[in-house]
Each structure stands twice: as structure tokens, then as C-alpha cells.
Amino acid sequence: MTILCKYTAKIPDANGFVNYTPDENQVWHDLFVRQQAVVVNRGSDEFIHGIQLLNMAADHIPQLPEMNDILKHKTGWQVEPVPALIPNELFFELLANKKFPAATFIRHRDELDYLQEPDIFHEFFGHCPMLTDQIYADFTESYAKKTLTASDADRAYLGRLYWFTIEFGLINTLKGLRIYGGGILSSKAETIYAVESPLPQRRPFGNGLDALRTPYRIDIMQPIYYVIENYRDLYDVMQKDLFGLIHQAQDLGDFEPQFDTEGAKTY
Ligand code: CO
């Protein structure tokens, strides 16, 4: 099967700058303004703080050197420009070396609300702010290092862990339930739904075992979220017997999917 990708990443110049068109900067502007309003009281403090630290603003798509100077100083991370789709192996190798892969294209205006391929708004706005937090950044690095040593069967389970944390994670705070997952934080509708809707289940993340047993679909609002108590919970799962935990999940089996499985790819 051929995967058709309608977007192509833009090639940065020798100094790492990408020449975005006024239209592309305008799409960023509209997404940024809209999402900035929605993440108030829904995005975690670390996320909101990260947006400020990175000096992200509405007027232009952030440039890699601007982001990298700050990230390097805060946690030693960098954003690495990549083509739209890269092999898993390269993806994890980059993360293990504290390089966050980002394709440097932005969605078209007719896909403002949802697109399947992760664009620069998803990567920069959704993910990079959290990488200014040291424990969270260390978790991400450690996750990638473990994944590089995993068998294919174990990697499928590690993919679930990524999904329910880095992409769709929630956190309990003194101020209430907050979002730290970049998949949620780059979507207007899901940011509201994840915190306020009575529809999804919000299960405690605990030691991560239940998340490992939970199948997911990528093309719907999530019916299940896992809630951590603090970022150290994530880091600790990586330091303990992660593969033992995965094998326990394999022995116990998957939970029943909470979504329609007809004609949908389930992970
Ligand atoms: Co993502």
C-alpha cells in the first residue's frame, strides 16, 4: 500500500531558517490565537510556561534556531527538521539523542481543525513547550532509548505508552485536571473535550500497566485518557522493569476497545 502524503517539508537554509509564505504564517497566526485562548485553564502549568519560555508568538511560525537556542539552554533538547514521514528507527534515534523530529510544513487552511500528518503547529505548539521541563524531557529521552532496545512485539506496546502520555496525557493538579499531551493541545475541539466532556473515561495512569493494555485509534476523539499525578510517574516507569511490565500486559491481554473497530486501524 502506498501512503499518500499531500504535504512536503520545507528545506531550511544554511542557517536553519525556513522561508514561509505570508499565507503559511497567517495559518499559524490563526491556529495560535485560537489555541492560546483554549489552553488557558486546560493546559498544564509546565506547558503554558513552556510557550512563554520559547517566545512563541502569533505573528510568525517559530524558526528552528530561535527555538533551539532556548531549548538547548533549558533542557539540552533540539528540534530536528525532517521530511514529513520518517522511519520509526530514525524517529527513536533522534529522540534518544534529545532531538525532537519536526516536519517543517504547516497544514492548509481547509485542514485547520484536523489533519492526519503531524505538521509544524502540532510539533512546535503541541510538543515543544513540554520539552522545556526537565523531568518530562528526561522521560522522553529515556523512553526512546528503551524503545531502541525493544523487540517489534514490545514496540507495539511502547507505542501505546507514547500515545497515552506524550500525545494524549492528562495530569491531576491542585488547580484541577490539566493536559500535557501534544495531540490534545494542538486540537481546539479535543482540548475542550478532554477536560470537560462527560463522554471519555479518565483512568489513573498508575504504573502504566493499564495504558499498555489499551488499544487506540488515531482518527477519533479519544474515548479513554490516562491521568498522571506528576511527571515523575512517567520517568519512574522508564527506570523500573519496563519490559517486565510490558510482558505482564501481554499476559493479561488487551482491554475491549471502547470504539467502533469496523474498518478502522487499531493499534
Ligand atoms: Co505528536
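Buried means under 20% relative accessible area, exposed means over 50%, and partly exposed is in between (1.4 Å probe, protein chains only). Tyr 136 and Tyr 231 are both buried. This is a predicted model, in which local features need pLDDT of at least 70, side-chain atom pairs count only at pLDDT 80 or more, and totals for chains, interfaces and linings use all residues. Residues are numbered from 1 along each chain as its sequence is written, and side-chain values use heavy atoms, with hydrogens and water left out.

Start with the metal. The cobalt ion has His 122 (NE2), His 127 (NE2), Glu 167 (OE) and Glu 167 (OE) as its protein donors, at 2.0 to 2.7 Å. Donors here are N, O and S atoms within 2.8 Å of the metal (3.2 Å for Na, K and Ca); water is not among the atoms, so sites may look incomplete. The angles subtended by the four donor atoms run from 52 to 138°, which makes the arrangement irregular. Four donors count as tetrahedral if all angles lie between 85 and 135 degrees; four count as square planar and six as octahedral if opposite donors are over 155 degrees apart and all others between 65 and 115; anything else is irregular.

Along the chain, the donor residues follow the spacing H-x4-H-x39-E. His 122 sits in helix H5 (residues 120-127) and Glu 167 in helix H7 (residues 152-167), so this pair ties together parts 45 residues apart in sequence. Helices (H or I, at least four residues) and strands (E, at least two) are DSSP runs, numbered from the N terminus. His 122 counts as buried because its relative accessibility is 10%. Glu 167 counts as buried at 11%.

Now look beside His 122. Its side chain makes a polar contact of 2.9 Å with the side chain of Ser 186. Such a contact is a pair of N or O atoms within 3.5 Å; within protein, one must be able to donate a hydrogen and the other to accept it, and residues adjacent in sequence count only if both atoms are side-chain atoms. Ser 186 lies in the loop between helix H8 (182-185) and helix H9 (188-196). At 10% relative accessibility, this serine counts as buried.

The largest nonpolar core has 76 residues, and Trp 28, Phe 124, Tyr 136 and Leu 161 touch the most other members. Helix H7 gives the most to this core, with seven residues. A nonpolar core is a set of buried Ala, Val, Leu, Ile, Met, Phe, Trp, Tyr and Cys residues joined through side-chain atoms within 4.5 Å.

The structure holds 21 aromatic pairs. Trp 28 and Phe 32 form a stacked pair, 5.9 Å centre to centre with 25° between the planes. Rings of Phe, Tyr and Trp (its six-membered ring) pair if their centres lie within 6.5 Å; planes under 30 degrees apart count as stacked, over 60 as edge-to-face and the rest as tilted. Trp 28 and Phe 32 are four residues apart in helix H1 (residues 22-39), so about one helical turn separates them. Both Trp 28 and Phe 32 are buried. Tyr 136 and Tyr 231 pair edge-to-face, at 6.0 Å centre to centre and 85° between the planes. Tyr 136 is in helix H6 (residues 134-148) and Tyr 231 in helix H11 (residues 231-239), so the pair ties together parts 95 residues apart in sequence.
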